[in-house]
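Here is a quick tour of a protein model, written to be read with the structure open beside it. Have a look first, then read on.

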Amino acid sequence: MDYVGLSSEETLRALSALLSTKQEDEEEEEEDQRVTPSAQLGPGQIGLPPQNSKEEPSIKKSSKDIWSEEEVAEGSRFMDFADPRPQPEYEMILKQSVGTEDVFFGLSGKDPSSMCCEALLVKIQLPDTRATDVVLDVKEKFLDLRTPKYKLGLHLPHPVHAEESRAQFFSEREELQVTLLMKRSMDFFNMQ
């Protein structure tokens, strides 16, 4: 095969003219000029034009503030790493209220999964501690326990009803049991 004819200047210009879209570009520009201005609007032009007014936020931050109150995790103020008191042993157990219709017939639709549990039981071992020495504070997602010998800051796996929680201290076992009723978004569905 003879490739000499393919590399000539005339052949390249002819190929360039063949591949050129100059005529198509001119036709598109003419069509754009014929289109009404409302047809040229895109999704960004829908609605009111943006206003460039700089409004002051309603909450003034101090120049030394690093985080706002909403950004700080609940219970972080109780975390004191300089406190030498050890953390007591504890155990978290999920609880369900079941009746005979649940156990024998399964009529209520409850199953053994954690989604059907109503309460969270926290058992805390407190050796050599009296009930009067225990200071307990329960928040929605945090449990804080302080005694002269122990401290426990526990982030809870589920939000709880802090007002409806109850605690019981068993002196013979040196154990504190805290029962926390869980807040679930789907309670109306799971507890039927």
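What follows goes from the overall layout to the strands, the loops, the salt bridges and a surface patch.

## Ground rules

This is a predicted model, so to speak of local features pLDDT has to be at least 70, and side-chain atom pairs count only at pLDDT 80 or more, while totals for chains, interfaces and linings use all residues. Residues are numbered from 1 along each chain as its sequence is written, and side-chain values use heavy atoms, with hydrogens and water left out.

## The overall layout

The protein has four helices and seven strands; these are DSSP runs numbered from the N terminus, with helices being H or I of at least four residues and strands being E of at least two. Going along the sequence, the pattern reads α-α-β-α-β-β-β-β-β-β-α.

How much of the protein counts as buried? The figure is 21% of its 192 residues, where buried means under 20% relative accessible area, exposed means over 50%, and partly exposed is in between (1.4 Å probe, protein chains only). The protein exposes about 15300 Å², and carbon and sulfur atoms supply 53% of that. Those areas come from the Shrake-Rupley method with a 1.4 Å probe, and for residues only the protein chains shown count as cover. As for contacts (heavy atoms within 4.5 Å), take those between residues at least 6 apart in sequence: 59% of them join residues at least 24 apart.

## A three-stranded sheet

Strands of a sheet pair through backbone hydrogen bonds, either parallel or antiparallel. Here, three strands make an open sheet in the order S3-S4-S5, with antiparallel pairing; two strands pair if DSSP finds at least two bridges between them. At the edges sit S3 and strand S5 (151–155), each pairing on one side only. From one strand to the next, the twist averages 5 degrees, with axes taken as lines fitted to C-alpha atoms (for helices over the stretch in contact) and angles running from 0 to 180 degrees between N-to-C directions.

Zoom in on S3 and strand S4 (residues 142–146) and you'll find four bridges joining the antiparallel pair.

## The S6–S7 hairpin

S6 and S7 also pair up antiparallel, over seven bridges. Valine 160, for one, has methionine 182 in S7 as its bridge partner. The two strands form a hairpin with four residues between them.

Glutamate 174 sits in the loop between strand S6 (160–170) and strand S7 (175–182), and its relative accessible area of 29% makes it partly exposed.

You'll find aspartate 128 in the loop between strand S2 (119–125) and strand S3 (135–138). Aspartate 128 counts as exposed because its relative accessible area is 57%.

The side chain of aspartate 128 also meets that of lysine 149 in a salt bridge (3.8 Å, N to O). Lysine 149 lies in the loop between S4 and S5, so the pair ties together parts that are 21 residues apart in sequence. Lysine 149 itself is partly exposed, at 42% relative accessible area.

## The other salt bridges

A search of the whole structure turns up six salt bridges, each defined as a side-chain nitrogen of Lys or Arg within 4 Å of a carboxyl oxygen of Asp or Glu. One of them links arginine 130 to aspartate 133, with the closest N and O atoms 3.3 Å apart. Arginine 130 is exposed at 56% relative accessible area, whereas aspartate 133 is partly exposed at 24%.

Another joins aspartate 144 to arginine 146, with 3.0 Å between the closest N and O atoms. Is aspartate 144 buried or exposed? Buried, with a relative accessible area of 6%.

## A leucine patch on the surface

Finally, turn to Leu12, Leu15, Leu18 and Leu19, which form a nonpolar surface patch with about 460 Å² of accessible area together. Patches are made of residues with over 30% relative accessible area and no salt bridge, joining like charges within 9 Å and nonpolar side chains (Val, Leu, Ile, Met, Phe, Trp, Tyr) within 5 Å. Leucine 18 lies in helix H1 (residues 9–19), and at 69% relative accessibility leucine 18 counts as exposed.
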